[in-house]
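I opened my notebook to keep a record of what I looked up in this structure. The entries follow in the order in which I made them.

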Amino acid sequence: MYSCEGIMTCRVKVANGIVRLPPDVKVPDGTEVQVTIPDSQTQPSFAERYASYIGMAQDLPADLASNLDHYVHGHRKK
């Protein structure tokens, strides 16, 4: 996956420990580059990403979590 922003800012994925630049990006040998590795702590949590969906369904059964197979597949309730 390649995504370049501006002239020299690129977002790429590491494959087998190697950072591969897009084929059209030419950097002379010996050029010093800066790599910023995002901190996983700065990534939004699952709850933060889906906060707008929390509480949307108001009419679900109280035992939905424990009896999901019953409601989805028709299995006996636990």
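I began with the elements: helices (H or I, at least four residues) and strands (E, at least two) are DSSP runs, numbered from the N terminus. I am working with a predicted model, where local features need pLDDT of at least 70, side-chain atom pairs count only at pLDDT 80 or more, and totals for chains, interfaces and linings use all residues. Residues are numbered from 1 along each chain as its sequence is written, and side-chain values use heavy atoms, with hydrogens and water left out.

Entry on elements. I found 2 helices and 4 strands in the protein. Read from the N terminus, their order is β-β-β-β-α-α.

Entry on confidence. I looked up pLDDT, the predictor's confidence in each residue, from 0 to 100. The protein has an average of 84, and 88% of the residues score at least 70. Among the elements, the lowest mean pLDDT, 55, belongs to strand S1 (residues 2-5), and the highest, 94, to helix H2 (residues 68-73).

Entry on burial. I took buried as under 20% relative accessible area, exposed as over 50%, and partly exposed as in between (1.4 Å probe, protein chains only). Of the 78 residues in the protein, 4% are buried.

Entry on Leu 21. I located Leu 21 in the loop between strand S4 (18-19) and helix H1 (46-49). Leu 21 has a relative accessible area of 40%, so I listed it as partly exposed.

Entry on the pocket. A pocket is an open set of points on a 1 Å grid over the protein atoms alone, where a 1.4 Å probe fits, with protein on both sides within 12 Å along at least five of seven lines; lining residues have an atom within 4 Å of a point. A volume is the space filled by probe spheres set on the points, which are joined across faces, edges and corners. For the largest pocket I noted about 710 Å³. It has 19 lining residues, and Cys 10, Val 12, Gln 34, Val 35 and Thr 36 are the closest to its centre. Strand S2 (residues 9-12) gives the largest share of this lining, with 4 residues.

Entry on charge pairs. I counted a salt bridge where a side-chain nitrogen of Lys or Arg is within 4 Å of a carboxyl oxygen of Asp or Glu. The count is 1 salt bridge. Asp 63 pairs with Lys 77, and their closest N and O atoms are 3.5 Å apart. Asp 63 is in the loop between H1 and H2 and Lys 77 in the segment after H2, so the pair ties together parts 14 residues apart in sequence. Asp 63 is partly exposed at 21% relative accessible area, and Lys 77 is partly exposed at 46%.
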